[in-house]
Every structure is written in C-alpha cells, then in structure tokens.
Amino acid sequence: MTSDTSPSLADALAAGTVVLDGGMSNQLESAGHDLSDELWSARLLAERPEAVTEAHLAYFLAGASVAITSSYQATFDGFARRGIGREEAARLLALSVELARTAARRAADAGIERPLWVAASVGPYGAMLADGSEYRGRYGLSVDELERFHRPRMEALSAAAPDVLALETVPDADEAAALLRAVRGLGVPAWLSYTVEGLRTRAGQPLEEAFGLAADADEVIAVGVNCCAPEDVRGAVEMAARVTGKPVVVYPNSGEAWDARARAWRGRTTFGAEQVDAWREAGARLIGGCCRVGPEAIAGIAGALAA
C-alpha cells in the first residue's frame, strides 16, 4: 500500500519495472459472478462490493503492485440507464477506488511489504454502449463531445484520490485527444493505453501519430497498449517508447478474441510470461494482463520480471 514514504508510481517506473494486475471480469466470473449485464463488473460495485475487493486482493497476492479499479464501464450515462442518479453514481465511482485501497490494506496485513498503487479505470465511450464499439472507435462524436462525456467521471474518480488514472482501451486517436484534454487540471497523473491491431489503433489511425498526442502531456506518466493480442505488443512498445520517450504500459488479452454478438471469447490463448523479457527490452515498464489473464499468469509475469 502506498504511504507518505512510498515512491510515486512515476518514480517507480523511472527506477524499474512494475507488475500490473490482470482482468477484473474473468476473476469475478471465476468466482461465480454473472457479468452478462450491460454494466459488466461495474454492477458489482452496487450489489457485491466485497467481491470486487477479493478480486483485487487475488492479484496483489499473485504479485501485482497496481490494481485497476472496476470503473471501466462505470459512467454517469450508463448508471442513469439503470435508474441510478448522479449522486449515487458518483458514490459508486468513488467506491471503486476505495475497494482497491481496501484490498491493498488487506495485502499489507497479509505480509506484502512492497508499495501497492491504485489506478482508476477510465474506459472509452464505447464501453458505455456495451456493443463492442470500443473495438472500433469512430463513434460519430466530436472531440469536444467526447471530452464532455469523460470529464465528469474523471472528476469523480480523481476526487477519490487514486494514484493514477488509467485512460485505457482507447480505440481512436480522437478519443485520446479528448481524454488528454479532460485530464488537465485534475491533479492526478494518468497513463494512456490504446487498443490496437498491428501498428494502428482499432479505428485505423497510425500508432505513431496516436502516441504522439501524449508525448508532451505532462499529466501522462506512461503510454502503451492493452486489450490487444499479445502478438501486437512488441512493435507497439517500441514505437511508444521512441515517439514519446515515456515509460510504456502493456497489458494484452490472453490472445482469444471477443465475440460481441455472442458476448463470449473465441480462439486460443497465446499469452505467456516468456514474452515479458522481450517487452521489457523494448521499453515496457508497467506490465500485466487484460481480458482472460488471471492471477496465475500475473504470478508468472512477476516471477519472470524478478528473475
């Protein structure tokens, strides 16, 4: 758990490599929780908050030093569709940070002495739509409209004092531009992570240009990719490091593909801890997993990085 004497996450990344957690949804599903709702894991903030804390704790115990909150799909608009008002939605957003902090305290009580950080997840606009459009981008909204969508949630999460905002699974450079505008003045550092296919964003823009948006953003302590195939990581890491000069964050999926219509994963796993050394050599400093990557895989990453 972070304390007044613990380094900031930015300082830790400057000094070496840090282990990130794995997929929240698959850990909750493995514990028997139904996430078929449009709110996905965010529904459990209201209904089963203890389950969220236990999922975070499993990753800390496996070797992760950073927990990403269960707010990826938690938005004022999404909650409103379920009849949840703004005041209660703001409380649930803050609760997502509090639950991760609770897990960090429990990990410390269990004997973990390394610093533990909390990253408040800010998912893309498409996550709120719950139709798979976060893997496409190009929503038909302007940068200004996307900024107006993201800013209130980011303000609510920042007020809960996470260590960092995870601007994650961003499919579109226009949305990245909106997020980079929205993070200004919040007083909380951020990382920016695209979901990609090859060396392009999911919306088809060249990654070199997409990463370049964050190069001069003082609030951004790391850039990189997540929710992509492991095979797409190495080239993206090299480009992110070259274009921005910042530490690189990497947390790919297991290698399986998401079928939005069937709401199920298809294909085979291609993720392995043996890939970590190559990612680190390319510039990755914050390494974990996204969808379908569980505590066992995170333990493998922690072991590989320690070796």
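1. Covering of helix 11. In this predicted model, the buried residues of helix 11 are covered by elements that include helix 10 (207-212) and helix 12 (276-282). Strands contribute too: strand 8 (220-226), strand 9 (248-251) and strand 12 (284-287) are among the covering elements. The buried residues themselves are Val 233, Ala 236, Val 237, Met 239, Ala 240 and Thr 244.

2. Geometry of helix 11. The helix runs over residues 233-244, 12 residues in total. Its first and last C-alpha atoms are 16 Å apart, close to the 16 Å expected at 1.5 Å a residue. Gly 245 follows the helix, with a positive phi near 70°.

3. Pairing around strand 12. Strand 1 (residues 18-19) runs parallel to strand 12 and is joined to it by 2 bridges. Here Val 18 stands opposite Leu 286. Strand 9 also pairs with strand 12 in the parallel sense, over 3 bridges. In that pair, Val 250 faces Ile 287 of strand 12 as its opposite residue.

4. Strands 5 and 8. Strand 5 (residues 190-194) is joined to strand 8 by 5 bridges, and the two run parallel. Ser 193 stands opposite Gly 224 in strand 8.

5. Main core. The largest nonpolar core holds 77 residues. Met 154, Leu 165 and Tyr 194 have the most contacts inside it. Helix 6 (residues 86-109) supplies the largest share of this core, 10 residues.

6. Tyr 194. Neighbours within four places in sequence are left aside here. The contacts of Tyr 194 then include Val 170, Asp 172, Ala 173 and Ala 176. Thr 201, Leu 207, Ala 210, Phe 211 and Leu 213 are also among its contacts.

7. Gln 73. Where does Gln 73 sit? Gln 73 is in the loop between strand 2 (66-68) and helix 5 (76-81). Is Gln 73 buried or exposed? Gln 73 counts as buried because its relative accessibility is 8%, and buried means under 20%. A polar atom of the Gln 73 side chain lies 2.9 Å from the backbone oxygen of Ala 127.

Key:
Residues are numbered from 1 along each chain as its sequence is written. This is a predicted model: local features need pLDDT of at least 70, side-chain atom pairs count only at pLDDT 80 or more; totals for chains, interfaces and linings use all residues. Side-chain values use heavy atoms; hydrogens and water are left out. Helices (H or I, at least four residues) and strands (E, at least two) are DSSP runs, numbered from the N terminus. Buried means under 20% relative accessible area, exposed over 50%, partly exposed in between (1.4 Å probe, protein chains only). A polar contact is a pair of N or O atoms within 3.5 Å; within protein, one must be able to donate a hydrogen and the other to accept it, and residues adjacent in sequence count only if both atoms are side-chain atoms. The expected span of a helix is 1.5 Å times one less than its number of residues. Contact means heavy atoms within 4.5 Å. A nonpolar core is a set of buried Ala, Val, Leu, Ile, Met, Phe, Trp, Tyr and Cys residues joined through side-chain atoms within 4.5 Å. Two strands pair if DSSP finds at least two bridges between them.
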